[in-house]
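Me: I would like to learn how to read a structure that is new to me. Could we go through it one feature at a time?

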Amino acid sequence: MDRLRQAAYRAGLDGIAVTHARPLTYIESFLREAQAEGRYAQFAHEDIGLRLDPKNVFHAAKSVISGAVAYKTVEPGPAAPLTGRISRSAWGKDYHKVVREALERLVPFLQAEYGVKQWHIAVDDTPLIERALAGQSKLAAIGANCAAYVPPFGSWVFLGEIVVDVELPTFPETAPSLPCEECGERCVKACPTGALMAPGKIDAKRCLSFLTQKTGAIPPEFRKKLGNRLWGCDTCQEACPINQRAKRAPREEFSPIIGPHYPLLELLAMGKAQIAQAFGETSMAWRGKNVLQRNACLILGNQKAAAALPVLKDTADHHPSPTVREAAAWAVAEIEGA
Ligand code: SF4
């Protein structure tokens, strides 16, 4: 296993663990309860049974290698006026690509060392529950904020898996542990929307990370709570003392291409092609123009940005998307005190 660990580090992973490809039964009741209570993540696959068993990826699956790539690079620093904050996870190159490439580099070792013939690499693109797999494999501990923590990088890690057709030795023997009960629920208290209802209990539909990425209107009750978040929300992770002390990963791939803060008037002036060019290398690109411009309008309203009024009024009158027009009109009303 030391050779596998070393090969994983050479491939570009910062953490690795191996577990059997058996169903994640320990998390089933938690997911069913979330679904019954309407707290289930909208981006997640509706069929919980499909998400629980790695053999649904392919029937001959015997083991799952969980890998982590750390992404805490620089600190966000203070925001300039008329800018919106981008989640740390989206500052650099699209992590799906970076993590997949690292896992792909490990495959030749698995073939040569263990005779792996069939494998499937997953990075947020299968129904598999990656955090739960990282927990089952003992790669990560799940924090009170529901994030996966991989020492010494805190929860600033991206996860990915290689499901293979060979029974590999499982490791490590002990899972990392977290002192969550000692910090006074800082993450729960910091959550602006109450999405983090209690330690380990989240209403994914109230989470700003989801709301900033969904299409359509952001419901009025969340608009002020959005603050200056243009994409994602790092608040419950940043509130965590473990994360504040977490080791940095000075990876070039995750150094900011965009962000940590993005100029909002510039964003509102962009067409589709310019947005694709500006955000194309990052994990934000998939959502496109309207979601980003909707968020930009709401933030300018929250900032009471009088300097943005001409642009917002023009957007409210002429933007092709009714969602963006409505968000701009909301912002104008906020700024003018209507
Ligand atoms: Fe709350 Fe933000 Fe954490 Fe979502 S990401 S649970 S909104 S603090």
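Me: How many helices and strands does the protein have?

Reply: This is a predicted model, in which local features need pLDDT of at least 70 and side-chain atom pairs count only at pLDDT 80 or more, while totals for chains, interfaces and linings use all residues. Residues are numbered from 1 along each chain as its sequence is written, and side-chain values use heavy atoms, with hydrogens and water left out. Helices (H or I, at least four residues) and strands (E, at least two) are DSSP runs, numbered from the N terminus; the protein has 15 helices and eleven strands. Its radius of gyration, taken over C-alpha atoms, is 21 Å, close to the 20 Å that the globule rule (2.2 Å times the number of residues to the power 0.38) gives for 338 residues, so the protein is as compact as a globular protein of that length.

Me: What percentage of the residues of the protein count as buried?

Reply: Buried means under 20% relative accessible area, exposed over 50%, and partly exposed in between, with a 1.4 Å probe and protein chains only. Of the 338 residues of the protein, 51% count as buried.

Me: How many disulfides does the structure hold?

Reply: A disulfide is a pair of cysteine sulfur atoms within 2.5 Å, and the structure holds zero of them. For Cys180, the closest cysteine sulfur is that of Cys240, at 6.4 Å, which is too far for a bond.

Me: Is Cys180 buried, exposed or partly exposed?

Reply: Cys180 is partly exposed, with a relative accessible area of 28%, whereas Cys191, at 16%, is buried.
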